[in-house]
Amino acid sequence: AGGGIGNYLCYGGLPKTDRREIESYFFPNGAILNRNLDAVYPVDPRDPNQVQELVDHSWYEYSSGAKALHPWNGETKVKYTGPLPPYQQLDMNGKYSWIKTPRWKGNPMEVGPLARMLVAYAKGKPDVKAAVDDTLQQLGVGKEALFSTLGRTAARGIEAKLCVYYLKEFYDLLIANIKNGDQAVFDGTKWDPSTWPKSAKGVGAIEAPRGALGHWVIIENAKVKHYQAVVPTTWNAAPKDAQGRSGPYEASLLDTPMADPNQPVEVLRTIHSFDPCLACATHIIDKGQNKHLEIHVR
């Protein structure tokens, strides 16, 4: 149970050398569709035909009337049409979320440790393949178990185990560099603002603990003109699109058996397997009153 959509996205993480050298990543770049581990597609967050955001079921609107926008062209224009609290239920046929709906080549995608492990496994990365196969053997299950709440939870543990060995490798490289006289703690070649271009367009895409994290920026006249971010929980907690296709959270809960509907621990267990962070996915600021939200816990 809890398998969800069966599509997985990884920008690539933990580069051994330069971040631009994708092939050096411990966690390789790629996308998997329909649980097919025999095909991994390259992911390019700069490509407007790959990463897009929709707002069909989100409390936003695009002034251009566009149905989908790449983050470089994205907008965050609030248009709340939901009920006033208190309310019992949201209308899922209309807009019902503060989270946008990101898509990769039009597909809903799951991100996170399971996506990283599956992409690396499908690409034949030896250490990941050995760790995943050993886990499946100890659990007494086949590869199909990876596409589940169990698989998602196991992937987090497998990744933690692998990262211990990666950390040792990075540490050894660090000590070797220090012994060779390289004691620099950062790359200062582009530190001087006077050397920066007055206009630029950039993207930073990386694997955060919860999954694929992207930041897109446009600079004009040495000032930030446009900035958009698509964080891991935006991918996973996204509402439906215009075709009615659910995001990973929603899809993973469909047909979930519950021993006691009044205590739906099975639902909780599946959502927890994503390690959710809604505060990451949605940021709301009242520019008019300049007040921050205050929460008092007693």
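Before I start: I am reading a predicted model, in which local features need pLDDT of at least 70, side-chain atom pairs count only at pLDDT 80 or more, and totals for chains, interfaces and linings use all residues. Residues are numbered from 1 along each chain as its sequence is written, and side-chain values use heavy atoms, leaving out hydrogens and water.

**Entry: Asn221**
I found Asn221 in the loop between β11 (211-220) and β12 (223-230). Helices (H or I, at least four residues) and strands (E, at least two) are DSSP runs, numbered from the N terminus. Asn221 is not a glycine, yet its phi is positive, about 55 degrees. Is Asn221 buried or exposed? Asn221 is exposed, at 65% relative accessible area. Buried means under 20%, exposed over 50%, and partly exposed in between (1.4 Å probe, protein chains only).

**Entry: Asp275**
I then looked up Asp275, in the loop between α6 (265-272) and α7 (278-281). Asp275 also has a positive phi of about 55 degrees without being a glycine. Asp275 is partly exposed, with a relative accessible area of 29%.

**Entry: Pro86**
I noted a cis peptide bond from Pro85 to Pro86, with omega near 0 degrees. Pro86 lies in the loop between β8 (77-78) and β9 (101-104).

**Entry: Glu250**
My last stop was Glu250, in helix α5 (residues 248-253). Which side chain makes a polar contact with the side chain of Glu250? I found that of Tyr96, at 2.6 Å. A polar contact is a pair of N or O atoms within 3.5 Å; within protein, one must be able to donate a hydrogen and the other to accept it, and residues adjacent in sequence count only if both atoms are side-chain atoms.
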